[in-house]
Amino acid sequence: MYFWGYDLTYFIFMIPCLILSLYCSAKVNSTFNKYSKVANRRGLTGAQAAYQVLTANGVTGVTIEHVSGNLTDHFDPRTNVIRLSDKVYNSTSVAAVGVAAHEAGHAVQHAQDYFPNKLRSAIVPVANIGSRLSWILILIGFLLPVQYNFVVTLGIIFFSLSVLFTLVTLPVEFNASNRALATIQSTNLLYDDEYKGAKKTLSAAAMTYVAAAATAVAQLLRLVLLANRRR
């Protein structure tokens, strides 16, 4: 039985996560597309919404830029720049306002030293190392005789670092959305019906992170089970 094969553990641990990931991906795309067609009545663009969220939270020194692509929006803490995609930066849609406000929420986290955000930034280097080395070690370990199972264990330890990153990402993403939605409400950036659309957009996006975390944890459990069976 090889860990990369489609054995029983694959169907038990990975297939449900694959289905969840596909569902969440389809949901976020359909929800974003739906509310991308609904213009907010204040005529606020995504870039303007991000600026309003920053201002309302007393955050300065953050640049808002356009970046090409679809749903490529992100906040770069290294340069203190919010980058908004084609369908967000100049768009006046409800979805654009929600996504832009979410990225501004990340900038607010950074400015206010939100602990989970600081923790995530701190573990990025080790998580990157773990994701690069883990599968190499695991592949080699499973090809070696069982007495070298420690190589597999070492690979699993490295993989655990990337799993930790996905878990820490969850509170960071949910908090950024909560900050965005709270500011949208308190500053009346959107009307009540528009707010509901923005909330649905961000909720759908958040579920993709839940699916990613579930997949990572399931893969880790599967690897541990397969490694133990070799002993």
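Author: Here are notes on the sheet, a helix pair and some aromatic rings. Keep in mind that this is a predicted model.

Reader: Sheet first. What is the strand order?

Author: The order is E1-E3-E2. The sheet is open, has 3 strands and shows mixed pairing.

Reader: Which strands are at the edges?

Author: Strand E1 (63-66) and strand E2 (74-76). Each of them pairs on one side only.

Reader: And how much twist from one strand to the next?

Author: The average is 25°.

Reader: Which residue in E3 is the bridge partner of Glu-65?

Author: Arg-83 is the partner of Glu-65.

Reader: OK, helices. At what angle do H1 and H6 pack?

Author: About 165°, with the axes 9 Å apart. H1 spans residues 8-36 and H6 spans residues 192-229.

Reader: Roughly parallel or roughly antiparallel, then?

Author: Roughly antiparallel, because angles over 145 degrees count that way.

Reader: Is the crossing left-handed or right-handed?

Author: H1 crosses H6 in a left-handed sense.

Reader: What residue classes make up that contact?

Author: The contact of H1 with H6 has 18 nonpolar residues, 9 polar and 4 charged.

Reader: Switching to rings. How many aromatic pairs in the whole structure?

Author: The search finds 3. One of them is Tyr-10 with Phe-11. Their ring centres are 5.8 Å apart and the planes stand at 90°, so the pair is edge-to-face.

Reader: How accessible is Phe-11?

Author: Phe-11 has 47% relative accessibility, so Phe-11 counts as partly exposed.

Reader: What about Trp-135 and Phe-159?

Author: That aromatic pair is edge-to-face too. The distance is 5.4 Å centre to centre, with 65° between the planes.

Reader: Where do the two residues sit?

Author: Trp-135 is in helix H4 (residues 115-143) and Phe-159 is in helix H5 (residues 149-186). They are 24 residues apart, and the pair links distant parts of the chain.

Reader: Last one. Is Phe-159 buried or exposed?

Author: Buried, because its relative accessibility is 8% and the cut-off for buried is under 20%.

How values were computed. Residues are numbered from 1 along each chain as its sequence is written. This is a predicted model: local features need pLDDT of at least 70, side-chain atom pairs count only at pLDDT 80 or more; totals for chains, interfaces and linings use all residues. Side-chain values use heavy atoms; hydrogens and water are left out. Two strands pair if DSSP finds at least two bridges between them. Helices (H or I, at least four residues) and strands (E, at least two) are DSSP runs, numbered from the N terminus. Axes are lines fitted to C-alpha atoms, for helices over the stretch in contact, and angles run from 0 to 180 degrees between N-to-C directions. Angles under 35 degrees count as roughly parallel, over 145 as roughly antiparallel, 65 to 115 as roughly perpendicular and the rest as oblique. A crossing is left-handed if the near helix is turned anticlockwise from the far one by less than a right angle, and right-handed if clockwise. Ala, Val, Leu, Ile, Met, Phe, Trp, Tyr, Cys and Pro count as nonpolar, Asp, Glu, Lys and Arg as charged, and the others, Gly among them, as polar. Rings of Phe, Tyr and Trp (its six-membered ring) pair if their centres lie within 6.5 Å; planes under 30 degrees apart count as stacked, over 60 as edge-to-face and the rest as tilted. Buried means under 20% relative accessible area, exposed over 50%, partly exposed in between (1.4 Å probe, protein chains only).
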